[in-house]
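Q: I would like to learn how to read packing features from a set of coordinates. Can we go through them one at a time?

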Amino acid sequence: MEFVRNRRIAASPQRIWPWVEDVTRWSEWFTEAERGEVLSGMGLGRRQRMFGHARGKATEIDSVVTAYEPPHLLRWHHEAERVDGEPGPVVYAKDAVAEVIIKPDRDGSRVTYRLTAEPGNPLYWFLLRFVANRPIHASFETSLNRLASLAEGEGA
């Protein structure tokens with residue numbers, strides 16, 4: 001199952017990239033992130049952790065960067081998910097990959113946020129399709145708007 005949103009941002013890919021690339025800055029724009037940290041490495045193969053809340057519970061997602069092409073592509077694969085400190089699905093999937101793609105677009109950029117989630121069982125399929133669909137898309141829209149605000153703002 002795929003969830004995709006994109007937005008034109010009046011800034012170059014180079015100006016947008018620092019917010020996307022640095023997991024410790026995700027909380028500035030990505031609505032699902034309250035905090036991020038690098039566990040090890042840099043660039044391709046970097047291991048990172050994102051902290052947040054979902055459905056009223058604390059969440060953690062450990063991931064590894066699987067594509068790193070500055071300033072155009074960052075892709076990461078969810079390695080482990082925890083809800084309230086216990087192993088559990090944050091995105092209702094047995095496997096999930098997310099990416100941000102930044103392409104030049106005239107005097108700005110077209111930024112795409114994509115999450116590909118493999119449900120793995122009928123309950124997760126139902127939850128992703130009918131319960132989480134709207135909130136995920138709303139989160140992506142808000143996140144891209146916040147990213148645009150940062151990249152287009154003064155002092156960016």
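This is a predicted model: local features need pLDDT of at least 70, side-chain atom pairs count only at pLDDT 80 or more; totals for chains, interfaces and linings use all residues.

Q: Which term describes helix 1 relative to helix 3?
A: Angles over 145 degrees would count as roughly antiparallel, and 65 to 115 as roughly perpendicular. The angle here is about 130°, which makes helix 1 oblique to helix 3. The crossing of helix 1 past helix 3 is right-handed.

Q: Which residues make the contact?
A: Helix 1 contributes Arg15, Ile16, Trp19 and Val20, and helix 3 contributes Leu147, Leu150, Ala151 and Glu152.

Q: Which residues of helix 1 are buried, and what do they pack against?
A: The buried ones are Pro13, Ile16, Trp17, Trp19, Val20 and Glu21. The buried residues of helix 1 pack against helix 3 and also against strand 1 (2-9), strand 4 (57-69), strand 5 (73-83), strand 7 and strand 8.

Q: How do helix 2 and helix 3 cross?
A: The axes of helix 2 (residues 122-131) and helix 3 come within 5 Å, and the crossing angle is roughly 55°. Helix 2 is therefore oblique to helix 3. On the helix 2 side the contact involves Leu127, Leu128, Arg129 and Val131; on the helix 3 side it involves Asn133, Pro135 and Ile136.

Q: What describes a pair of aromatic rings?
A: Such a pair is described by the distance of the centres and the angle of the planes. A search of the whole structure gives ten aromatic pairs. One of them is Trp26 with Phe30, which is edge-to-face, with 6.4 Å centre to centre and 80° between the planes. Trp26 is buried, at 3% relative accessible area, and Phe30 is buried too, at 5% relative accessibility.

Q: How is the pair of Phe30 and Tyr113 arranged, stacked or edge-to-face?
A: Phe30 and Tyr113 are stacked, with 5.4 Å centre to centre and 20° between the planes. Phe30 lies in the loop between helix 1 (13-21) and strand 2 (35-40), while Tyr113 lies in strand 8 (residues 108-118), so the pair ties together parts that are 83 residues apart in sequence. Tyr113 has 5% relative accessibility and counts as buried.

Q: Which residues form the aromatic cluster?
A: One cluster is formed by Trp26, Trp29, Phe30, Trp76, Tyr113 and Phe140.

Q: Where does Arg35 lie relative to Phe51?
A: Arg35 lies over the face of the Phe51 ring, at 3.8 Å from the ring centre.

Q: Is Asp105 buried or exposed, and what does Asp105 touch?
A: Asp105, in strand 7 (residues 95-105), has a relative accessible area of 16% and is buried. Leaving out residues up to four places away in sequence, Asp105 touches Arg8 and Arg110.

Q: Now the backbone. Which peptide bond is cis?
A: The bond from Pro70 to Pro71 is cis, with omega near -10°. Pro71 is in the loop between strand 4 and strand 5.

Q: What is the phi of Tyr92, and what is the phi of Arg106?
A: Tyr92 has a positive phi, near 50°, in a residue other than glycine. Arg106 is not a glycine either, and its phi is positive at about 55°.

Q: Where are Tyr92 and Arg106?
A: Tyr92 is in the loop between strand 6 (86-87) and strand 7, and counts as buried at 15% relative accessibility. Arg106 is in the loop between strand 7 and strand 8, and counts as exposed at 71%.

Terms used: Residues are numbered from 1 along each chain as its sequence is written. Side-chain values use heavy atoms; hydrogens and water are left out. Rings of Phe, Tyr and Trp (its six-membered ring) pair if their centres lie within 6.5 Å; planes under 30 degrees apart count as stacked, over 60 as edge-to-face and the rest as tilted. Buried means under 20% relative accessible area, exposed over 50%, partly exposed in between (1.4 Å probe, protein chains only). Helices (H or I, at least four residues) and strands (E, at least two) are DSSP runs, numbered from the N terminus. A charge sits over a ring if NZ of Lys or CZ of Arg is within 6 Å of the ring centre and within 35 degrees of the ring normal. Axes are lines fitted to C-alpha atoms, for helices over the stretch in contact, and angles run from 0 to 180 degrees between N-to-C directions. Angles under 35 degrees count as roughly parallel, over 145 as roughly antiparallel, 65 to 115 as roughly perpendicular and the rest as oblique. A crossing is left-handed if the near helix is turned anticlockwise from the far one by less than a right angle, and right-handed if clockwise. Contact means heavy atoms within 4.5 Å.
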